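Please keep the sequence and the structure open while reading.

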Amino acid sequence: MGIKAVFVIIAAFIHGYVRLSTPRLFLMVLLMIIPVLIGLTSPAVKVSYTFPTQFFYPILTSVGVMLLVNVSIFPEFGSTQLCMATIETLQEVQKVQKAAAELFIAFSVGKDPEQCVAGLRDLTDMKAKLRAKVAATKAVYTECSFELAYSVLAPRELKHISRKGIKNITGKTFSLVGACESAYALMGIELRAPPGGKYDINWYKSQREESADEELLKALLIRVEAPLRQLQAATSRALDIVSACVAYSYDTPSLPAVGKASSRARKPTGIPLPEVDVHIEWLEAAIEEFGRTSTAALEIAAVLQEPHHNDVDVDLMPREEVFLISSFVMNLRQSATHALEMLRQSRTLVEAREDRKGRKSIHFPRIKIRKWLFSGTEEPDTVRVTERETFAREPGNESREHLVDSRRRTKRPRYRRSRAAGSEIARKWRKLRWMLGKVLDWVAGSDAFLYAFKFTFGVMLVTWPAFVHGWVQWFYLNRGVWAPLIFVLVFENAVGSTIWIFFLRTAGTIVGSAWGYAAYQSRNGNEFTIAAMLLVGTIPNYYVQLGTKYQKAGMVCTISMCVVALSTHLQTVPGTSEENFYKRVVTMLIGGAVATLVQLVLFPVKARVHLKDYLASAIVQINKMESCIASGVDDTRNIVASPALFKRFAIAQKKATACLSTAEAFLVFTKQEPRLKGNFAPQAVVYKEIIFVLRQIVDRMENMVQLRQAYGSAVLEEYNSRVYNYRRAVAAAITLTLTVVHEALTTKLPLPQFLPSARLAHLRMVLRVRQILLEENTNEDVSHSNIDSRTSDTAEAARHALRLKFLSWNASSAALEECIEYLEELVDLAKTLVGANEFRSGILNRPRYKADLEKMRSTRNLTRDPLDPNAASLDNADTVTASGFSLSGVSQQALEGMPDSLTRIQSRRMEARLERRRTITQLDAIH
């Protein structure tokens with residue numbers, strides 16, 4: 001019995017360690033632990049010939065049936081699924097881009113406010129849906145790369161479209177959505193006449209101070225509206241051609257439906273290559289025309305004054321409105337460029353299909369063992385959904401490795417002297433102690449080791465009667481082996497997920513056992529009746545397993561009804577159907593209860609703790625991204641971006657995205673685990689906002705680097721020696737803010753009262769760039785005499801600022817400004833969690849969840865007119881409006897569903913504008 005117990009312990013530990021460290025091998029170690037538990041907990045004292053056949057025959061029979069059905073009867077290869085997922089994602093990209101372009105123009109030209117606010121809310125939802133589509137497409141491609149394919153083209157030939165192309169174009173689509181969010185935050189109250197229709201000069205000045213920015217943005221957008229619409233339509237048409245080429249190349253039966261009411265379109269029967277070439281040339285011409293027309297339109301807007309815009313000084317030097325319009329223009333152009341690359345790749349696919357005459361063949365996968373092992377999850381709804389390949393290997397830091405090597409070289413002579421001086425026993429003891437310390441450090445820091453230890457302890461807790469000589473027969477006859485098997489299936493790597501899986505499997509076990517009991521009792525164990533009842537029961541079970549998110553409930557329901565009915569009919573162990581029914585239910589409760597208790601008592605892994613850890617890891621990676629963006633802040637030379645810098649940024653960006661995805665998964669499981677300190681729901685809302693804010697920061701930083709990589713940056717390449725001090729101040733403020741928030745999440749200490757202002761540092765940098773441009777323009781004008789000096793100066797400065805590199809820097813500055821705004825929001829959210837050292841009332845300002853949440857979701861009233869005698873004082877206004885327009889025409893229902901962080905950012909901008917209005921009104925009253 002002791003030998004059996006030792007082998008069970010070894011098998012359980014191996015299963016637990018491999019299950020957590022390499023989820024791809026979960027099925028292998030599951031099939032390993034099942035015969036070990038069944039065989040070593042039975043009363044048998046030797047292995048018979050029939051024992052291995054009891055496991056091999058059913059498994060091999062099931063594999064043969066699956067191959068026969070999936071290959072011969074209902075063949076469905078991964079290439080078709082990959083093609084459909086790619087086309088659906090491209091269609092979603094088209095929808096989001098079209099909605100973003102229309103909404104950006106609608107915000108600026110002053111259309112119906114309520115429709116614009118509702119459109120932005122829908123656009124935010126579409127962004128989340130598009131992110132899910134991209135993740136699903138990536139997962140499908142990963143699975144297809146490990147499968148056999150029978151098609152004309154191999155699935156890996158679609159990589160440039162389904163992986164690289166979709167990633168690039170969705171990144172620019174998210175940037176377009178971000179520009180709409182910035183326009184929403186920038187827009188203010190519409191210019192309206194005061195009550196009575198009489199304009200007062202003080203009222204007009206205060207209104208202009210608040211709405212001058214919007215008027216400038218409208219003046220700019222009026223000029224570029226037509227080029228924007230034309231390029232967006234051309235990009236959408238190009239994506240349609242890409243979808244058709246993909247469907248034709250991979251023999252997709254039909255194209256996915258665009259809308260709910262639309263029907264599926266048939267795939268094209270043939271695509272002439274000259275026609276694709278025409279579309280490529282047409283899109284190239286559209287991109288070039290967009291560059292000329294948009295630049296010319298902005299130049300004309302800078303030189304000419306429209307009659308109805310005489311009061312607006314159109315300034316195209318670096319400022320907030322130019323940043324916003326440049327961001328949308330450059331991202332739309334870059335999106336069209338990515339669409340052009342995908343169109344060229346689709347032409348390559350069509351040409352390859354024509355060369356192969358449409359003949360299908362078997363394509364074997366090119367499997368990289370390391371990538372296959374570190375990709376995928378144990379089960380669809382488990383906690384560990386992060387992309388493990390991003391953590392599999394990270395290039396080392398050359399400077400750090402050089403430092404370590406130098407330290408080793410300096411310590412080597414000293415080590416030799418000590419070895420020569422000491423005895424051989426002392427040397428061996430020091431080496432053994434060093435190795436033991438390394439082992440203990442690895443054990444303490446290995447999640448897989450701790451999980452394997454808990455798993456082994458739980459397995460032995462429910463199987464120990466099988467290793468007691470007097471209880472082994474009782475354990476066998478009462479189906480005790482079902483308890484450890486259920487423990488294996490229920491035990492997860494977190495408390496919340498274990499409780500949730502326990503609940504699902506218990507429900508499925510009760511329903512399935514009841515159906516199996518009914519199947520046997522329907523005609524007293526008739527074989528045909530049992531088969532018919534099981535057939536009827538498997539239909540809803542497989543639907544639940546394959547068509548809903550409750551896969552485990554459907555799976556265990558199928559297993560339970562087969563076990564109860566067939567074990568009673570075959571009499572593998574003596575017992576009636578009633579006995580097998582309650583034995584199945586009782587062992588389910590025992591195994592699940594033990595799994596829950598082990599998770600709660602022995603080294604509990606709480607989802608909320610992992611949530612904070614992954615958020616802290618994401619902030620660390622974002623700090624690395626910022627260090628890549630801020631490269632050259634200590635260098636007086638001009639900066640030219642290097643590929644190594646972009647590679648480091650891409651690694652950090654992948655890790656940050658993976659951490660945020662894992663944090664979202666843990667956030668779901670925080671609702672399913674118990675907590676002694678009270679309900680976690682109020683904090684869960686704050687953590688959800690933190691994840692949203694960090695995603696926004698990652699998207700903006702990625703946009704900055706992509707624009708710099710594609711177009712360069714004139715400020716860094718030409719003026720870094722004159723602005724590096726200002727760039728250093730911005731980078732230092734951002735890095736310090738991220739570090740403070742990271743420490744607050746990991747140590748739970750309050751935030752300091754004062755933090756450096758990244759917004760002020762960025763404003764100083766922008767003003768310095770404006771000063772440099774004006775100085776250069778003035779120096780150039782001294783050597784040239786023109787008749788109309790004012791017009792020529794303005795036109796020359798506009799042309800200088802509208803160069804492609806300057807437009808790229810303007811767009812990057814818009815993204816950086818948005819990052820700073822979301823950083824401020826991140827600090828506020830961190831204060832909500834841990835408080836701050838602000839002695840406002842003589843005591844430490846601690847977090848107040850209910851009050852802060854009420855403030856985040858408070859009703860936003862229309863700001864009162866200071867000249868309205870019936871309105872209250874402006875200083876006593878309740879809450880600043882959070883919409884892009886005056887809320888006199890916006891209902892509260894239209895504001896529901898907007899991201900709280902976005903509305904708070906807009907509210908802060910409105911508060912700043914109201915403060916300017918108060919200042920101007922007070923100065924006018926003094927004078």
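Which helices do the buried residues of α16 pack against? They pack against α1 (2-21), α2, α14 (447-463), α17 (495-521), α19 (551-570) and α20 (577-601), where contact means heavy atoms within 4.5 Å. The model is predicted, with local features needing pLDDT of at least 70 and side-chain atom pairs counting only at pLDDT 80 or more, while totals for chains, interfaces and linings use all residues. Residues are numbered from 1 along each chain as its sequence is written, and side-chain values use heavy atoms, with hydrogens and water left out.

**A covered helix and a surface patch**

Helix α16 spans residues 482-490 and is mostly covered, since eight of its nine residues are buried. Buried here means under 20% relative accessible area, exposed means over 50%, and partly exposed lies in between (1.4 Å probe, protein chains only). The buried residues of α16 are W482, A483, P484, L485, I486, F487, V488 and V490. Helices are DSSP runs of H or I with at least four residues, numbered from the N terminus.

The patch is formed by L27, L31, I59, V63, M66, L67 and V71, which together have about 620 Å² of accessible area. Accessible areas come from the Shrake-Rupley method with a 1.4 Å probe, and for residues only the protein chains shown count as cover. Patch residues have over 30% relative accessible area and no salt bridge, with nonpolar side chains (Val, Leu, Ile, Met, Phe, Trp, Tyr) joined within 5 Å and like charges within 9 Å. The largest share of the nonpolar patch, five residues, comes from α3. M66 is found in α3 and is partly exposed, with a relative accessible area of 48%.

**The nonpolar cores**

In soluble globular proteins, nonpolar side chains tend to be buried together. A nonpolar core is a set of buried Ala, Val, Leu, Ile, Met, Phe, Trp, Tyr and Cys residues joined through side-chain atoms within 4.5 Å. The largest such core in this model has 72 residues, and those with the most contacts inside it are L611, L615, I622, Y687, I690, L694 and I697. Among the helices that each supply at least two residues of this core are α21 (607-629), α22 (643-669), α23 (681-711) and α28 (804-834). The largest share of this core, 15 residues, comes from α28. A second, separate core of 69 residues includes A101, L239, V242 and F328.

Y687 touches L611, K612, L615, L667, F680, L745 and L833, not counting residues up to four places away in sequence. Helix α23 is mostly covered, with 24 of its 31 residues buried. From its first C-alpha to its last, α23 reaches 45 Å, close to the 45 Å expected at 1.5 Å a residue, the expected span being 1.5 Å times one less than the number of residues. G712, whose phi is positive, near 80 degrees, follows α23.

Helix α28 also holds E818, which counts as buried at 7% relative accessibility. Leaving aside its neighbours within four places in sequence, E818 is in contact with G178, S182 and R700.

**Salt bridges**

The structure holds 18 salt bridges, each being a side-chain nitrogen of Lys or Arg within 4 Å of a carboxyl oxygen of Asp or Glu. The table gives some of them.

| Pair | N to O distance |
|---|---|
| R347 and D277 | 2.4 Å |
| R347 and E351 | 3.1 Å |
| R608 and E673 | 3.0 Å |

R608 lies in helix α21 and E673 in the loop between α22 and α23, so the pair ties together parts that are 65 residues apart in sequence. R608 is buried, with a relative accessible area of 13%, and E673 is buried as well, with 9%. Salt bridges that share partners also join K127, R131 and D699 into one network.

R347 is partly exposed, with a relative accessible area of 21%, and D277 is partly exposed at 25%. R347 and E351 both lie in helix α9, four residues apart, about one turn of the helix, and E351 counts as partly exposed at 33% relative accessibility.
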